Each structure stands twice: as structure tokens, then as C-alpha cells.
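Here is a short tour to read with the model open beside you.

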Amino acid sequence: MTVKHTGLTALTSVLVLASGAAGAQQLSILIDNNPDTIAITEALTAAYSAKNPGVSFDIETRPGGGEGENVVKTRLATGEMGDMFSYNAGALLQALRPARTLEPINDIPNFGAIFDSYISTVSDPDGNVYGVPHKAAMGGGILYHVPTYERLGLEIPLTWEAFMENNAVIAADGQVAPIAQTYRNPWTSQLFILADYYNVQMQEPDFADRYTANEAKYATTPAAMRGFELLQQAYEAGYFNADFGAATYNDGLRMVALGEAAHYPMLTFAIAAIQQNHPDEQDDVGFFAQPGDSADANGLTVWMPNGYFISKDSAHIDIAKDFVNFIATPEACDVITESVGAGGPYLIEGCTLPDDVPTAVAGMLPYFEQAGRTAPALEFLSPIKGPALEQLTVEVGSGIRDAQSAAALYDGDVAKQARQLGLPNW
Amino acid sequence: MKRRQYVIGAVSFAVAFVIFVIPFIFVVINAMKSAAESARLDFRLPQKWQFWQNLTDVVQARDYMLLLAYFNSTVITVGAVTLLVIFGALVGYVLQRRPSRFSSFVYAFVLTGLMIPPAVVPTIWVLQEINLFKTLHGMILIQVAYGLGFTVLLYRAFIASIPRDLDEAAIVDGARPLQVFFRVILPLLEPVTVTVIVVQSIAIFNDFTHPLYYLPGRENVTVQLTLYNFQSQFVSQMNLLFMNILLVTIPPLIVFIFFNRQIVAGMTSGAVKG
Amino acid sequence: MKRKSHYPYWFMLPAISVFFVLFIVPTLASLYFSLTIWDPFEARFSGFENYVQFFSEPFLVRGVVNTVGFAIVTCVLKTILGLLLAVLLTSGVWGQGLLRSIVFFPVLVSTIGVGLLFQEMMHPTQGAINVALSWIGINGPGWLTNPSLALFSVALVDVWRGVGLATLIYIAGLATISPDYYEAARIDGATRLQQFWRVTVPLVWPATTTVVMLSLISGLRLFDLVWAMTRGGPGFSSDVLASVIYKQYQSGFWGLSTAGNVILFIMIAVIIAPLTYWFNKREVES
């Protein structure tokens with residue numbers, strides 16, 4: 001199949017690009033089944049097809065999480081990927097062996113419009129860049145219920161101490177749970193550790209490099225251990241909702257939107273889901289960065305959004321590149337905003353946000369506007385991320401295990417992953 | 001019928017109702033609620049019954065994917081079960097009737113299929129080599145390979161209860177091996193064949209892990225994969241999720257209702273009395 | 001010279017060739033791949049590193065213990081309940097046809113469906129089970145959120161789901177017992193209980209073999225229900241070997257995961273082989 005097509009493709013794709021019509025071409029895109037990803041991809045492909053009537057898209061969904069990662073890896077390894085797919089930047093992308101499986105996009109005309117902060121998370125050591133972001137940047141921190149804060153006269157905490165004082169006030173008030181935790185979706189339990197990375201970096205600026213080089217460990221670096229300790233403290237103080245072991249991510253969103261819980265540690269992509277599930281309460285939810293030990297060094301841990309990547313085996317590389325080139329334009333950003341709302345700052349030069357962004361997004365923007373108040377999450381600075389973290393954080397957050405032992409076990413988990421990746425020094 | 005049997009029956013019904021029926025009533029009730037009502041997950045009857053709306057919402061989701069999925073799942077299930085019955089009965093017959101070192105070896109060999117978890121990625125590699133990856137007939141053969149152990153186990157155990165006198169009588173009458181099998185043995189296997197059909201078709205229809213890996217591609221979607229995909233898609237619409245569970249449960253239920261009489265008839269007819 | 005058999009081996013050829021190509025070949029290949037650091041893109045030979053890694057995984061021992069415990073509990077419950085139900089449902093009680101259908105029905109429902117359903121029913125605060133318990137004054141436990149209870153809850157659901165199959169196999173077995181035996185026992189003056197122990201249990205032995213083997217093996221291999229209900233959680237408390245293996249696979253450690261497969265296979269063989277021998281001996285004796 002593929003062999004038969006490739007000869008023709010070069011010719012037809014040139015024709016398509018030149019004429020903007022003629023010879024119908026269909027490109028396949030494999031995306032995760034998150035409703036936002038589906039809506040965004042449908043809107044972007046429709047916009048592209050409107051400008052290029054000869055090109056249509058076959059959108060296929062896959063499961064999210066580890067199962068979906070396996071689907072992507074298997075397809076790339078077996079040459080079954082088709083043309084394009086949506087995937088994570090950072091550590092997860094590196095596991096795809098991009099140099100071998102993906103088509104570099106350094107030569108697209110709008111390459112310069114992609115922010116360097118994103119480029120560094122989707123490139124290989126030789127400087128080849130593979131992806132264009134199709135969502136806004138995200139922050140990891142704490143969603144909070146604004147009316148509760150107003151009712152109790154609370155202020156946004158700049159230190160962990162202040163945060164715990166707020167929780168004490170909320171607990172004493174007794175009407176709502178201070179912190180929502182939702183361990184039926186174990187990934188939601190990692191936030192206190194992952195979103196603490198800005199604070200880690202403030203205290204240990206070279207932690208990521210030494211961590212990658214097998215020199216620094218969570219269990220022996222007090223700044224890194226802090227995240228585990230915070231989770232243990234919050235559990236021991238009894239600040240979680242009663243059904244934290246069985247609640248879902250969606251329950252967490254509901255709790256913080258309707259004021260059943262005052263805080264929900266989460267990534268800001270949750271804002272879009274809140275808009276969809278609880279449109280009337282979306283402005284009741286605010287956002288602040290996870291506070292550290294010092295009010296002077298308060299900042300946000302940032303997650304890079306998923307991007308579109310082109311398979312090296314694609315039979316339509318030229319059209320695919322033209323499509324991702326379109327994604328790197330302000331026009332495409334507007335299409336995204338229109339389809340799922342404004343979720344945060346875009347990583348494309350010239351993209352703007354509407355004036356009336358949701359409260360939580362507005363709470364996130366100031367961190368980006370001041371230099372030095374953001375830091376990427378560790379998974380965008382280092383290729384290693386142990387797969388068992390979410391089980392360990394569930395254990396700490398459920399009181400099954402203490403912070404010290406969880407951090408030590410996580411170091412073992414990380415070592416395993418590094419050896420499997422074949423990193424030097426492990 | 002004695003009074004005692006009525007009493008035991010009635011008590012059994014009460015217990016069976018609580019343990020086995022109530023959970024399904026829960027599914028049915030929640031499949032008919034509105035999204036907001038179903039989020040509470042209780043046994044209250046729907047304030048607003050919206051069976052049809054939920055049904056059409058689920059069926060129409062993602063371009064009528066559910067209908068395509070029903071077609072694919074039916075093809076895979078019917079194809080694989082047909083092959084399994086013929087292949088499995090033949091193997092079980094020879095293994096039981098011809099005890100030998102070789103037979104023991106083959107039996108042990110086939111039973112490994114019940115034990116060893118399939119090696120997914122090497123299997124994909126093999127499927128690609130023989131051009132069966134991402135095809136329905138490839139999936140059918142995979143299900144035959146994975147279901148063979150269980151099928152042979154059942155047939156072999158059952159054939160052990162069929163007296164050899166029957167086939168020896170036919171052999172004396174001059175029947176050839178294939179004739180003995182198809183004319184004498186196979187008809188006697190009806191009860192266990194019904195069991196195999198019911199159990200395997202349900203197992204295959206309900207399998208989702210293997211289609212997920214061996215049958216990628218939207219045009220190859222199966223019913224369980226839709227349930228799995230919808231699980232995240234309907235995350236705030238438990239009513240649609242339960243409607244989907246309900247729909248996915250119906251085809252095996254029809255198979256069962258259809259074959260149930262034959263199971264009872266097969267069990268009670270005494271076809272295999274010594 | 002032997003005379004040509006009336007049970008020719010070539011009868012098995014179609015089935016065995018499919019099985020060999022699609023099951024044995026990949027399995028043999030996995031023996032090699034378990035000795036490699038393998039991801040979707042390449043396999044580097046690494047000797048026994050994966051096995052060493054696997055046994056230094058702190059949660060593996062927990063997974064092994066959980067797996068064996070789970071298999072034994074579900075196997076015993078399915079065998080006993082299956083036989084008792086089968087006897088009940090062949091004794092001519094009122095409505096036994098419908099009762100058979102009801103007991104067998106859960107076997108039909110997809111595992112994901114069952115898992116999702118019970119996840120909702122076992123919710124600690126608003127789940128149907130604990131709400132019902134609260135009506136009679138019992139404060140129900142966190143079925144799936146209490147680390148010491150989660151695996152047991154999954155086991156109960158597995159029995160709920162699987163006992164119908166055991167019952168069906170036993171009913172098939174009971175149907176092959178000639179009524180003459182019971183007649184003879186009655187003439188000898190045996191009570192119903194004595195008939196059960198002296199006629200039913202020995203003569204239904206082949207069905208017992210099937211039920212025990214199937215439920216033990218499926219218990220040892222169980223993955224989908226655990227995955228649908230708890231994903232091995234909370235933490236690692238309901239992890240079984242198959243879910244540990246799957247997590248390695250999911251994380252892209254294909255060689256490590258394949259090594260886990262081999263370990264699981266060896267474990268199953270070590271448990272099942274002596275049992276098979278024992279059952280076969282009993283079958284021959286009776």
C-alpha cells in the first residue's frame with residue numbers, strides 16, 4: 001500500500017499545495033479521546049479544509065494515559081501510524097525515539113513563531129524539532145472556590161504555611177471540605193509533588209540536571225522531598241473530602257465549582273472541563289500557584305501542551321507539514337479559542353486571548369507576565385519520570401505510607417525507568 | 001411438585017433477586033435518567049424518563065460508530081465460534097479417544113493457551129508477517145487460538161462420558177473415521193456444544209484487550225472498544241454510559257435466551273445416559 | 001505394524017496450526033524478548049537483567065501473594081457455590097429454569113461493564129451497597145478504597161460474575177449421572193446428604209476438575225476486572241501479578257513486562273501441574 005502511494009504522493013501534494021484544490025487527499029490523525037482534543041482537532045482540520053478544499057482528514061481516537069501511549073508506540077514501531085498524531089511534549093515524546101520515527105518540522109515557514117520554551121521540549125539532541133502545540137500552556141497549582149474565599153475573608157496564600165492556615169479556617173467553618181482529592185483517578189494524586197517543582201527549582205536550580213545524571217534523588221534532596229511531605233501533612237490534618245478514595249476527577253471539578261470543597265490541586269486544563277460541566281459556576285473557580293516556603297519566591301509550575309507530530313512513514317508529509325504550519329498561526333489559535341474557550345497563554349507568536357477569559361485563567365496569566373515566575377515541570381526538563389508515582393502518592397495521600405518511604409521507593413522506580421531508557425550513569 | 005420445592009424456589013428467588021437482579025435494575029434505571037439525575041447514582045426512579053433520547057444519543061455518537069461496531073463484533077464472534085466448535089470438538093475427540101504420549105503432549109500444549117498470557121507485541125509482529133494485522137479474519141483466528149484451550153478442555157471432559165461402545169459399533173459397521181465423528185459423536189456433543197457456543201461467543205464478544213491491539217483503526221472498532229472509548233467521553237453523562245452498558249449486554253442476552261432452551265433440553269434429555 | 005487408527009491425528013491439524021502460528025510462535029519469541037531491554041523500536045540483549053529487576057521490585061512480592069490469595073479464594077467460592085447451586089437447580093425446585101438464567105446472566109455482561117457498575121455500587125458514601133447497609137444500621141466499609149479490603153471486594157465481584165459458569169459446567173456434569181445410582185442409594189437407605197457425598201460428589205468429579213482448573217487459572221491470570229475496578233489501587237494494595245506486568249508493559253518496559261509474563265507462566269505451571277496430576281489420578285480411580 002504505502003509503497004504504491006509514495007511515488008504519486010510527492011507529485012499530487014505539490015499539485016494540491018500549488019492549486020489549493022484538485023486531487024482529493026485524505027490525511028489520518030490519531031488523537032487521544034479527551035473531549036477537548038477531539039473538539040480542537042475537529043475545528044482545526046475543518047478550518048484547514050475550508051482553506052484547502054482538496055484536503056480532508058480522518059480523525060481517529062485512542063485511549064488516554066498509558067494505554068494510549070502504548071498504542072502510539074506500537075503503531076510507530078510497526079509503521080502503522082498513518083500521517084499525524086497528537087502527543088505529549090517532554091519526557092513522553094523522547095520515549096518515541098523521535099529521531100527515528102518522526103519527521104522534523106524545522107523547515108516550515110512559521111517555525112520562528114513557535115516559542116523557544118516549547119521548542120526545547122519537542123526537539124532531539126541534534127536540534128531537530130518535531131511538534132507544534134495545539135493547545136494553550138497549562139499551569140499546575142490549586143483551583144479554589146472564590147465565593148468560599150470571599151465568605152471567609154481569605155486571601156490567596158503565598159506560602160504553604162498561609163495555605164494551611166486557610167485550610168484550618170475552612171475546616172473550622174465546617175461547611176466545605178478544605179481540599180478535594182480524587183483517588184479513583186490516581187493521576188490526580190500527583191499534583192502536590194509535580195506542581196511543587198517551581199519551588200524545588202528556586203532552592204535547587206540544578207536539580208533537573210543532577211537528577212537526570214543520577215546524582216540527585218528525591219529522598220535525599222529536602223527541597224524535592226517537600227512535595228511528598230506536603231501531601232502527608234494535608235492528609236494528616238484531615239483536610240480531604242470524606243470520599244477522597246472513591247471520588248473521580250469529575251467529582252473534584254464539581255466539588256470546587258459548586259463549593260463542596262474549597263481547593264482542588266489540578267492542572268489548568270481542568271478549566272475547560274469546568275466550563276463544560278458547570279457553565280453557570282465557571283467564574284466561581286479561581287487559580288493560584290502551589291505556594292512554597294517563601295512569599296518572595298512564589299511562582300507557577302508550567303506544563304507544555306500536546307502537539308501534533310508527523311510520522312516519518314507518512315505518505316503525505318508535505319501536506320502534513322503545511323497543516324502544522326497552519327497550526328503555528330494566530331488564526332489557528334483563534335480557532336482553538338472558539339472551539340474550547342481560552343485555557344491559558346498560547347505558545348505561538350502573535351496569538352492573543354479574548355478579554356473575557358474565565359476567572360481561573362485570569363488567575364494564571366499574571367505568572368506568565370512577570371519574568372522568573374514560571375518554571376517548567378520536571379518532566380519537561382528531564383527524560384525520566386517513574387511510572388509508579390501516582391500509586392505512591394495515593395498511598396501517601398491515603399495514609400498508607402509516609403513521605404520518606406514513598407520518596408525512596410519513587411527513586412527506585414525512576415532508576416528502573418532510566419535503565420530501561422539506557423541513559424548514561426544509571 | 002412438592003410444597004417444599006415451592007418454598008425453596010421462592011426463597012432462592014428472593015436471594016437471587018437481591019444478589020443478581022438488583023444490580024441490573026440499577027443499570028436500567030440509570031440508563032433512562034437525565035445526565036444530572038444519573039450523576040447521583042441512586043435507585044430512585046427517573047423523574048423524567050428519557051429512554052429514546054439516551055438511546056439515540058448513544059447510537060448517533062461519533063458517526064453511528066456503535067452500529068459499525070455491532071457489525072464487526074458479530075462477524076468476529078460468529079466466525080470464531082464456528083471454527084472453535086469444529087476444531088475444538090475434533091481435537092477433544094482425538095485426544096480423549098487415542099491416549100498416547102503424543103496426545104498427552106498435544107493436550108498439555110493446547111492447555112498452555114489457558115495459562116500463558118498472550119505475548120502481545122510478538123503476536124503483532126507475526127500477524128504482520130502473514131498480512132493479517134488489522135483484519136477481521138486475522139482477529140477471528142486470534143480468537144480461535146486463544147479460545148482453543150478452553151474449548152478442547154470442555155469437549156475432552158464431555159467425550160470422556162460418551163461410551164466407546166458407540167463408536168466401536170459404528171466402526172464395526174464399516175464407518176470411516178470422519179463418518180464416525182460427524183454421524184455418531186458430533187450429534188451426541190450437542191449439550192457441550194451449546195455450552196461452548198454460549199460461553200465462547202460471550203467471551204469473544206466481550207473481549208476488548210485483544211481487539212484494542214490487533215485491530216486498530218476506526219473502521220475496525222468493536223462493541224467493547226466503543227464502551228471503553230465512551231467511558232471517557234461520557235464521563236459526566238453516566239446515563240449514556242449505562243445506556244451503552246445496556247446495549248452492549250443485549251446481544252449476548254439474545255444468544256442466551258435463544259440457546260437456553262436447548263441447554264435445558266440437552267441436560268434433561270439424557271442423550272448421554274450410560 | 002499397527003493398524004490405521006480410527007482416530008487419526010490429522011483431525012487436529014487445522015486447530016493446531018492456527019494455535020501454533022498465533023500463540024506458540026509469539027510465546028517462544030517472548031522467551032527471547034524477556035532477555036532484552038525492549039521497547040517498540042529495538043531490543044537490546046541484556047541477559048537476566050529484567051528478571052533481577054523484577055525480583056527487586058518492592059511490590060512484586062505483594063503482587064504474587066495477592067495473586068495466589070485471589071485465585072484460591074475465588075476458586076474455592078466458585079467451586080462450592082457452583083456445585084450447591086447446580087444441585088439446587090437440578091432438584092426440580094419451582095422456577096428452576098428462570099433461576100438458572102438469573103445465576104448465569106452476569107457471565108454475559110462485559111467485564112468493563114461489570115467493573116464500572118460495581119465501582120459505582122461500592123462507592124463508600126453514596127454507593128448502593130452502603131446506602132442499603134445504612135438502612136439496617138450498618139456503616140458500610142470503603143469496599144474499594146480501604147487498602148485491606150479492596151482486593152477482597154474485587155474477588156467477590158469475580159465470584160458474582162463467574163459462579164454462573166461454574167454452575168453451568170456442574171449442571172452439565174450432573175446431567176451425565178444416571179438416576180440409577182440415586183435409585184440404588186435410596187434403596188440402600190441413604191439420606192439426601194449421604195447421596196450428595198457418596199453419589200453426586202464422586203460422579204461429578206470430571207466437572208469439578210474443569211471448574212477448579214478454570215477458576216484457578218483464570219484467578220491467577222485475572223487482569224481485566226482488577227483493572228476496571230481498582231487499577232491495582234489504592235496504591236498497590238490490589239495489584240496482582242498480571243496488573244504488575246501490565247503496568248510495566250504500559251510504561252514501555254516491554255522486555256521487563258515479557259519477563260513478568262514468563263514468571264507468571266512458571267508460577268502457574270508450578271501450581272497447576274501437580275494439581276492436574278492429582279485430579280487425573282482421582283479421575284482414573286473413581
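β4(A) and β10(A) (residues 307-310) pair in the antiparallel sense over three bridges; strands count as paired if DSSP finds at least two bridges between them. This is a predicted model, in which local features need pLDDT of at least 70 and side-chain atom pairs count only at pLDDT 80 or more, while totals for chains, interfaces and linings use all residues. Residues are numbered from 1 along each chain as its sequence is written, with chains lettered from A and ligands numbered from 1 in the order in which they are written. Helices (H or I, at least four residues) and strands (E, at least two) are DSSP runs, numbered from the N terminus.

**The sheet**
- Pro133(A) has Gly307(A) as its bridge partner in β10(A).
- Five strands of chain A make up an open sheet with mixed pairing, in the order β2-β1-β3-β10-β4.
- At the edges are β2 (55-62) and β4 (131-133) of chain A, each pairing on one side only.
- On average, neighbouring strands of this sheet are turned by 25 degrees against each other, direction ignored.

**Around β3(A)**
- β1(A) and β3(A) run parallel and are joined by two bridges, and Leu30(A) stands opposite Phe85(A) in β3(A).
- β3(A) and β10(A) run antiparallel, with four bridges; here Tyr87(A) stands opposite Gly307(A) in β10(A).
- In a regular strand, side chains alternate between the two faces of the sheet.
- β3(A) is covered on both faces, with Met84(A) and Ser86(A) buried on one side and Phe85(A) and Tyr87(A) buried on the other; buried means that 20 or more other C-beta atoms, placed from the backbone, lie within 10 Å of the residue's own.

**The contact between chains B and C**
- Chain C brings 67 residues to the contact and chain B brings 74, where two residues are in contact if their C-beta atoms, placed from the backbone, lie within 7 Å.
- Helices that each supply at least two residues of the side of chain C that touches chain B include α4 (96-108), α7 (150-175) and α13 (254-285) of chain C.
- α1(C) gives the most to that side, with 14 residues.
- The residues of this side of chain C divide into 47 nonpolar, 17 polar and three charged; Ala, Val, Leu, Ile, Met, Phe, Trp, Tyr, Cys and Pro count as nonpolar, Asp, Glu, Lys and Arg as charged, and the others, Gly among them, as polar.

Technical notes
Axes fitted to C-alpha atoms, helices over the stretch in contact; angles between N-to-C directions. Buried ≥ 20, exposed ≤ 12 C-beta atoms within 10 Å, placed from the backbone.
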